[in-house]
Amino acid sequence: MWNLIRAEWLKLTRRPIVWILLAVFLGLLAVQILTQFALVSLIGERVSSPALESQIEEWRRRTVFPGLFGVVFNHLNGLGGIFAVVLAAAAMGSEYSWGTLRTQLARQPSRGRLLVAKLVTLLALLVVAALLALALGSLLGGMLGGLRGSAGTVTQADLLQLPLALLRALYVLLPYVLLTLCLTVLGRSLLVGLAGGLLYLVFEVGLGALALFQVLGGVWQLIYSLTPGQNINTLALMNSHAFGLSPENVTTMDLSTLPSPLQATLVIAVYCALFLATALYELRRRDVFGPS
Amino acid sequence: MQAAILAEELTKRFGKHTAVDGVSLTVRQGEVFGFLGPNGAGKTTTIGMLLGLVRPSSGRAVVLGHDVAREPEAALRGVGAMIEAPAFYPYLSGRDNLRVLARSGGVAEKRVDEVLRLVELGGSARERFRTYSQGMRQRLAIAAALLHEPQLIILDEPTNGLDPAGQQEIRSLIRSLAREGRTIFLSSHMLHEVEQLCERVAILKQGRVIAEGRVDELLRRGRGVLVRVGADLARAAEVLREAPWVSGVEERDGALLVRAPVERAADINALLTARSLPVAEIRAYEERLEDFFLEVTRSS
């Protein structure tokens, strides 16, 4: 397995699209941090409405430590989801379009191990992206704090929260990655995986409209609480809270009805297992031919 | 001795279409085996089944003593394969493509440079695969097949796209690999190549093996005397068929191929002349694999 992961790592890290996506991901994080800082600096001082005060305070927390860490993890679970879908579709789908899956499997016939190696490598790359994002966020936070005179404080407890938050963020990305891999294998195509993964993201946002189910109560409320988006939101919210942020103050969504962390962890695990099992089953079952 | 490849009634159906129909083959260790067939005969599908890439509808493939369906890793551990058009990562260099395969197969990376030199790609090893010519791609695919020093090498059209000098180099390479005792399973439509390299062949048509055997034995069937007569070919054939030492007569490009020992050439001449059928040309005839191939694929 280690050999396969090393091979996948070589393939992935030599691929230009990976570095382009990483640059865009980090660039947009920098834009987000700088924009928040500018907004808080320019508008924050002028607003006197008590209704807006809590919102302004939340934005202010996002520009200083430890709130900046929360911003980085939110970025990873937001825009990072789109990039994870693109990466996963590219990593698996290109094997079909270039016909390299056949070359690989003629050498190393364990299809299950190949898929798991791809998954592990994608997650490793997401860890690298997260660490670079944390480094960039810290650098910008320090610089902007220098301009303002205070960058906030980072306690030992905040630092201890970082690995846990990183695990949560990766766990939240896992269903996106697995769904994309699964769709790519089902469609034997990069395009199917990419379109399916991105449509799922759009659909998930659309599911927000299903919040009406909560009003209906009973089984409808239960169904809504089992949708991936609701459970992903629970863990993403935990990452915000871990660094002193309160997204409740700046969103119209009712975050009080989110499932419990235990349910969220279990439901996401079920989705992941379902996507992985389907991908493995289809990859093992199907014949492998040349370029598609 | 255990067979390098044993295919038993391998069959592959795609819906109602049967691509491979009960193919049985035995490839002995250390031999160069030719696998021939017109386009669409099912050669690549059969190779796919031997490599565990295509699941047979029925039958089984045993490679190097291991059932491909049950023990794919053990079966393919000693197999190097090049299938159809070479498929590699276009953004990686030739060298990095081989490094990927070396890593996934647990092969030491120093072997990469050795095989690149072997196929004479050392100079362009650091160029991206997408910039390679067809010939360079073929060489890289052969290098990939040789990476882990396999016992059995499966080559599907290895000289496709190579210039005559390149084809000659690859044939020399195949010969030297065979001399090292490796088994070569060579699928090719270049019949003179197969004739030069292979000891035994199997010919596939519409998914079925229609001929199999030693090349020299298959061609022996096509030996005889070629006779060109001035007129009335049909009557000449009739006359020759009457001779007890003639096992058959057939028309071949405006002449008659008489299945008889070459020593009977003088008797053939005498027989025809006596019946007022003047002979314009008479010579020993030895069939080429190409003729044999065309004959069996047309007739069956």
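Chain B has a mean pLDDT of 85, and 95% of its residues reach 70 or more, where pLDDT is the predictor's confidence in each residue, from 0 to 100. This is a predicted model, in which local features need pLDDT of at least 70, side-chain atom pairs count only at pLDDT 80 or more, and totals for chains, interfaces and linings use all residues. Residues are numbered from 1 along each chain as its sequence is written, while chains are lettered from A and ligands numbered from 1 in the order in which they are written. The model scores ipTM 0.84 and pTM 0.83.

**Contact between the chains**
- In chain A, 25 residues are in contact with 28 residues of chain B, contact meaning that the C-beta atoms of two residues, placed from the backbone, lie within 7 Å.
- On the side of chain A that touches chain B, the elements giving two or more residues are α1 (2–13) and α6 (100–107) of chain A, helices being DSSP runs of H or I with at least four residues, numbered from the N terminus.
- The most comes from α6(A), with 7 residues.

**Domains of chain B**
- Chain B is divided into domain 1 (5–218) and domain 2 (221–299), with bounds that come from an automatic or database domain assignment.
- The C-alpha centres of domain 1 of chain B and domain 2 of chain B lie 39 Å apart.

**Helix α12 of chain A**
- α12(A) is mostly covered, since 12 of its 15 residues are buried, that is, have 20 or more other C-beta atoms within 10 Å of their own, with C-beta atoms placed from the backbone.
- The buried residues include A:Pro228, A:Ile232 and A:Leu235.
- After α12(A) comes A:Gly244, whose phi is positive, near 80°.
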